[in-house]
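Welcome! Here is a friendly walk through the charged pairs of one protein model. Take a look at it first, and then we can go through them together.

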Amino acid sequence: MTLIDWDHTMINVSDLSESMNSFADAGIVFKLGGRHENWGTANALGYFGINYIELISIFDQQKASLIHRQSAAAVYDTLQDFNQGRQRFNTIAIRTNDLENIKKRIEAAGVEVGPILEGKRRNEQNKLITWRIFFINDNIDGLPYPFFIDWQTSDKEREQQLVEQKLIQNHPLGPLKVTKAVFEVSNPLKVSQKWADLVDNAVTERQGKFVVPIGERTLEFVTGSANHLTTLHFTGAQHQRTIKLGEAQLIFE
């Protein structure tokens with residue numbers, strides 16, 4: 001059976017340590033993930049079960065500047081925001097176990113797709129972490145597409161590994177879970193239908209909002225001028241809290 005699920009959400013940040021401290025002050029734990037040496041990027045990770053947030057920044061502008069959007073769109077977008085001092089959501093990653101066939105399906109729909117790449121980084125314990133990935137070069141009215149990732153292991157095995165590595169752990173704010181991403185776009189019906197096709201699902205309209213289910217979570221498209229992912233919603237918080245990191249908003253309930 002083909003796996004299609006929401007893996008993680010990227011947030012472009014100017015300074016990893018500063019951003020990690022902001023979340024820590026709110027009771028949310030992030031740990032340094034390591035460096036993507038080939039891309040010139042570094043990250044910090046906050047897990048909410050197997051779904052997580054990746055704070056990503058640039059440690060080597062020269063390396064990062066060699067990345068073209070046609071091969072690694074989200075990395076390219078990270079550099080653009082870093083150079084502008086802009087902090088906001090980048091896009092989401094979709095986890096699958098069948099990169100090749102999903103790539104063929106998307107290409108057949110006329111969407112411009114980059115090559116399948118071998119990703120790697122070393123974590124803080126110098127352990128090599130690897131994955132396979134492809135990016136979608138295109139955008140919809142300025143909204144970046146998601147990218148697809150294969151960790152080459154089952155969700156159950158991956159979750160066990162993350163628990164053993166103490167990456168999945170309790171947050172002081174509570175047993176938090178990501179439930180929803182909200183995208184503000186100029187044409188939510190059109191955009192939601194394109195994203196629904198990507199994840200092989202259907203769109204449901206709810207009071208002017210267009211919802212695409214993905215696993216246990218939802219992607220919600222609403223009318224707005226940002227043409228970007230703007231908000232993440234969480235459950236499990238011991239008390240309600242909203243965090244703003246530049247243009248990114250995270251609501252804990």
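A residue is called buried when its relative accessible area is under 20%, exposed when it is over 50%, and partly exposed in between (1.4 Å probe, protein chains only). This is a predicted model, in which local features need pLDDT of at least 70 and side-chain atom pairs count only at pLDDT 80 or more, while totals for chains, interfaces and linings use all residues. Residues are numbered from 1 along each chain as its sequence is written, and side-chain values use heavy atoms, with hydrogens and water left out.

How many salt bridges does the structure hold? There are 12 salt bridges, a salt bridge being a side-chain nitrogen of Lys or Arg within 4 Å of a carboxyl oxygen of Asp or Glu.

| Pair | N to O distance |
|---|---|
| R69 and D77 | 2.9 Å |
| E100 and R132 | 2.5 Å |
| K190 and D141 | 3.0 Å |

Let us begin with R69 and D77, whose side chains meet in a salt bridge. R69 is buried at a relative accessible area of 16%, and D77 is buried too, with 16% relative accessibility.

Next come E100 and R132, also joined by a salt bridge. E100 belongs to helix 4 (residues 99–108) and R132 to strand 7 (residues 128–134), so this pair ties together parts that are 32 residues apart in sequence. Helices (H or I, at least four residues) and strands (E, at least two) are DSSP runs, numbered from the N terminus. Is E100 buried or partly exposed? With 35% relative accessibility, E100 is partly exposed, whereas R132 is buried at 15%.

R132 has other neighbours to explore. Setting aside those within four places in sequence, R132 is in contact (heavy atoms within 4.5 Å) with several residues, among them L99, I116, F148 and D150. Look along the chain from R132 to K180, 48 residues away, and you will find their C-alpha atoms separated by 25 Å.

K190 sits in helix 6 (residues 188–198) and D141 in the loop between strand 8 (139–140) and strand 9 (143–144), so the pair ties together parts that are 49 residues apart in sequence. K190 is partly exposed at 31% relative accessibility, and D141 is partly exposed at 36%.

Finally, which residues are linked in a network of salt bridges? They are D5, D7, R95 and D155.
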